Amino acid sequence: METLGSFSLSDLLRLSRPVTGTASLNPASSPPLKRIKLDQNLLLNPSLSRKSFTPISLPVLLVGTVNFFSEASSHRTGSCLNHCLSFSDSSATICCYIVDFDPRVIGQEIHVMAWNYLPIKQGEGQGVLEIIQWRFSSPDTAPLRGFSLSLESAQDSGVKASSFAFGLVKSVSLTFTLPIENGKTGEMGDSVGFLAELLTCMCDKCAKMRPSNEKSGLHRFTESKVVYFIRPTHKWRPVVAKLVGKVMYLWGLKKRLVVVGKESYVMLVSTIKTKVSLCDSVVSDLPTDHSKRGAYRGIVTGIYLHGAVIELDKKVWLLIHDTLLVPHHSLRIGATVSVRDFHFVHANFAWTKVIIVGTCVMTSFCIDSFAVSDTKVLVKTEEKSALGTFVESLNLSAKFWILLSVSCFKYKFRAVLSDKELLGSINSAGLVQTYSSRSLPPDVFRPHNSMFMAYCNHDQCTYSSGHDQSKCKLIVPLSNFVGRCEELWISIQSEMSESDEVHCNNTCDGISYPGYRRRIIPSDDFGCILMGNIQACSSSGRLQLVDATGNIDVVIPDLPSDLSVQTIYEVKDYKVVLEGFGIEGDNSMYEFGEPLSCHAIFKRQTYRKRIHGLMLYVQFYLKDSVCLASPSRAPSNLPHSENHGPNHLLVISHKFPLTNKFPFNSAMSICSSLFAEALIFPCKFKRSENGELIQLGKFQDALDFSKRDHKKASEKGPWLAPCSLASRNGGVSATTLCQFNVDSSNYMVSKSLARILLEFKCENFFSYQMLRIGGYYFLNCSEGFNPTRVCKCWEKGGSFVVTGNTLQSLSLSFSDDVNQKEPSGTSSDELVLLKSLSELHEIVDLKSVSQGITKLLPPSQVLSVSSCLQHMFHQNRNLYGSTDLGEQRLAQGDLISVCGDVEYFHDNDCDSVSLTASKCLKIPNPRGNNICIHLADDNQMVVIRGNLSRKLFPIGFGVGASATFHRLLLTCSSNRKEKLLLTPVTYIEITSVRKVKTNRGPNQQMFKVDSLIESLCHLPPLGLFSDLHNKDSKVTRFCCRILTLNVLVLESCMIGSSPAYKIPLAGFVLDDGSALCNCWTDNDLASTLLSLRDICSSFFSSDFSSLERAPKRLLASGLCHCSDDYSNYKNTVGYYLDHILKKHHKVIVKNHGVSLDICQDLLFHSGSGKVFSILEERLLNYIILSSCHGPTFIATGLVMDASATKQFDAYISESAVLRGCMQNIWIREVACVDPLKDAFNLILDLKNG
Amino acid sequence: MTHAKLLAAELLSVIVHPTSPPSFSLPRRRPSSISRTEILGIVVSLEAKPRFLKFLLDDGTGCVPCILWLNPRLPPSDHDPTPEILRLQARRVRLGEQLRVRGRITVYRGMLQITVGDVLVEKDPNMETFHRLDCLRIAKRCYGLAKDDLG
């Protein structure tokens, strides 16, 4: 028989690593024990990580005694006192937790057959033994009788304790400390103990303290009694807690009145004589109230915030009201736990729905099986902070939200804020608490009681089963937010593919390019709050919202100059823009794993932007965001300025774009410096003590007008123009009235302005982003103010390095800015990225004085697309061209600014028709791609070409963007064709973006066509001659042509005194491609079909020259009243027909041909009996043949029945009868084919049927 | 006797029956027998002879050879303007012109062609779309073409 090893606990403690051991799978066998010494050599795989359980290589057994911890075990934590028993042998004592607990084990020596050991603290000689399987050491040591607990040493004391309790253990509280006052001495002290609720029976026997244990059915456990186990029986808590649901006897209790605050409770209190035993013969189930409480068993899948939040089965969130409730040693990921008597809440948060299980003072918590992989022991923080107290005062869903927020705040701001700043301390509230108390609605707060009070008054517990917490939004870590946006983008692509939505493929120069998509998603759809610092990215120059997890590009239309980069902003109201070309390939390759799930937030899963070609940014207004506290340790970037005051007034004339200096190393900044060009006004200002701006010096002083020879100026003298200035500095607005002395004559003043180059280093890219071309700013000159000296800034060609908040935006308005396109902003499809300058500035009504001051401004040259085209057309082409510089050609031309809507853009290098987005987007070209931009306004479009790296695209640049291109080069190509080129200094300003229109798939397209047809026309569908046999007699439209003539009756008549002709009857054979049909009509319609009003062919004009005797008579008859009408009329076929009918009065033409091919067997009958001349016959033949070669037309007619056609029998020749039996229709209307309209009609017809 | 409105591809796929004169039928259609047709396309090739004009009409689905005889079938009389009308029509046939042509289906040296009855210039480019749709409509409703065959 195999021997069994046994070693001492001290060996385990010495090993100080997680170990697992087992004796045998068959507990019945009892091999001989052999004392061994446990060391590393006995471990199965000692090289395994010390963070995982290492099995012992041979069967081992642990022998020891299980008991309560004594009070002397001061090093034990609160959790140990509540949950753990001690396991000791001769060498040491450690914590133990038994899964198949038998209360009889207390005080007995056992053999532990299967176990895990975990050191609690490295090197401190503490550990926990998780007992999976055990047995009493020998049958002799097993207690013969049932379980019984008592304080043996105190049984003989003289304490009177006659009360008795018999009942079902319903719940057990945690051990707590209650301050008490000794009734006799009045001394204050602490009472340590726990409460247990028993459901007792009220039957007679039980009342007489003689409970019967024979028949359990006799007892009805309904009456609640609370037993207060006080010191020294409080150490029984680990055992009593495991007796929940069992029937128990209690002797030696005392009935006492316990007064807590203003409340008093009569309860049974334990004494040193108290004895507890189980009544195994009486079995009863605990009453369940599913509406309020329940039981749940699940596997721990996550433990967060020191055990305050436990995730079960990846779907249920267990909120622990007091972390002492859980056995800290054994609560590890992978353990199976049972929870009983909890509160259950379905919480609907703004971004997700979760199932929350909340514990309370009545809840019991039990480990059913131990975790086998996770060895991380939960560390409990003992002291309770102000935040902890605050959290306990909330209902379950709010509590969950705030715990999630704690996780988010710590995750997001760990780099800039300390734990104390975030979470507060025992006495002071941190950022999380102040933010939460402001954000949470008042109804989430609930009264907080001590554990004693809460336990005794538990029936008044106010947790409800469902909470609508839609106002609670997620303070999302930005990396998770980016992940969510990418996840959305992928789902948008999939939805488009599934719904056959075809993105607009655009063509340029005959080449098709992939479509562009943009989605604008409001913040409400996310249910998240963005929070972070606003900074300018040193590598891209773009404004970003930043936290410790990541960043996201932002656009702030109302960006002020005094924004602090250290301040944390809370953005609730925003719009997310997702745009880019469609993704090719399988979307399933992108797995995001629900970035906004509570699991991802608690677990701090990080996401990185993975989808290339997706431009993702957030637009919001700073006025709608809240400024949270700045970190105390952050250095202030606000130096000075009180002493200096703003010195110079600037207007920004141009911003130079980013340039890609280091294309091959993305880690490096794209640009070390950014530049802007400004015109500096010759006036100086100083801020007074009360914050007002004082102008120092006058224009004419600075400009030194006296040196200039301007007649008008000398005649009129300086012109005084009042102007209102308002600046924003640190939220203080100051307004003062200044006086500009300017020359009213011309641009002299603006020409004399100094041009200055502003340089922005990496750390001040923010100031660059704030600048607007055409905007006014104050510049704090480093030299300070010296009224006697001309500042260096004035020197033309000078430069100025901008630092800190050197620049302050200025509200200055002279007149309406006509060249700035006002972004509407009201349309839900349009998103404003940049406010117009007039909107940005506080408008001051200065129209009355603006005339002179406007001339100070540099002439604004932003052209619309239409104006640009006109400009291009009118420019002298000879001025443009190129200059040869060795082998390179330098383009020459004007620099102009154009604004319009980007209709499309694409890489110009791609020359394949089967161009794909990947080809266009995924291959980086460090020098920038040769790009082609289609810029349009309502009427016209221009194409802008040039090199531009996609990395340097301004935010929002894409299809549907309203953009202003500053300093485009208007030049001529080699074929003398004007073209617009991007230059290295071209700055693109995006004012707004709007949704991109998409084409729909076949079904949706049909719908669009349908609606077009419905809006354009309500035409009945076209019929076919072949269907006439089946149709009822109703008006139908046919698309047909004349094949031949059956009969034609022409008569002369007099209209007033004028001779004219009429057509009493005309019969044709019509062909619509499906069948032939006889059709009949008269007069005007017949005249139309015969084209009698058409101009006669020239060869007839000569033939009929002999008939040119009519003019005078026709004129005299008044048929033609003017020479033009007459000349028109005499060229028509009808004109000549008129002559014929004058002679014959009536002409009848019948077709006697059997074949329909040729219309040559026509017989002519004259009403006057006269013979037809050759010319007359020729004309009549011509009329009929021409009509047979006539165009397709739409005839509207009615089917004639046999009786109706009988009247035409006299006219129809026998040959016509021989040609076959055809349907007859009477034509009511004839119209030309409108190919577009009728094609729509046909599409509808085909679709319907 | 009707002029079946057809696309070039359909016309070129007609079955020629070796009767005298040859007869023609459309596959998968009823009534299958046709003798005259009307097509619309662009003139892509032109060959002018004293007695006839030969041209290719391309409608995007195929090219159909067409022949326009410039001499009438019967000897012209003085009162018959047919020769002048034929000459007028011949002048309409120019390269690149969009024409609507009606005529009889004939075979010349084993090749299918249209012996043109009349020629009409269609100036509106939308007429091509309209003609195609009209062909589809008639094929669907009159010739009983299966839905799948409509393309």
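Me: What should I know before I look?
Reply: The model is predicted, so local features need pLDDT of at least 70 and side-chain atom pairs count only at pLDDT 80 or more, while totals for chains, interfaces and linings use all residues. Residues are numbered from 1 along each chain as its sequence is written, chains are lettered from A and ligands numbered from 1 in written order, and side-chain values use heavy atoms, without hydrogens and water.

Me: How many residues are in the largest nonpolar core?
Reply: It has 102 residues. A nonpolar core is a set of buried (under 20% relative accessible area, 1.4 Å probe, protein chains only) Ala, Val, Leu, Ile, Met, Phe, Trp, Tyr and Cys residues joined through side-chain atoms within 4.5 Å. Those with the most contacts inside it are A:Phe400, A:Phe481, A:Tyr574 and A:Leu578.

Me: Which helix gives the most to this core?
Reply: Helix α6 of chain A, residues 396–413, with 11 residues. Helices are DSSP runs (H or I, at least four residues), numbered from the N terminus.

Me: New topic. Where does A:Ile1184 lie?
Reply: In helix α26 of chain A, residues 1174–1188.

Me: Is A:Ile1184 buried or exposed?
Reply: A:Ile1184 is buried, with a relative accessible area of 0%.

Me: Which residues make the contact of α26(A) with α2(B)?
Reply: A:Arg1178, A:Tyr1182, A:Leu1185 and A:Ser1186 of α26(A), and B:Thr82, B:Glu84 and B:Ile85 of α2(B). Contact means heavy atoms within 4.5 Å.

Notes: Buried < 20%, exposed > 50% of the residue type's maximum accessible area, 1.4 Å probe, protein only. Helix = DSSP H or I, 4+ residues; strand = E, 2+ residues; numbered from the N terminus.
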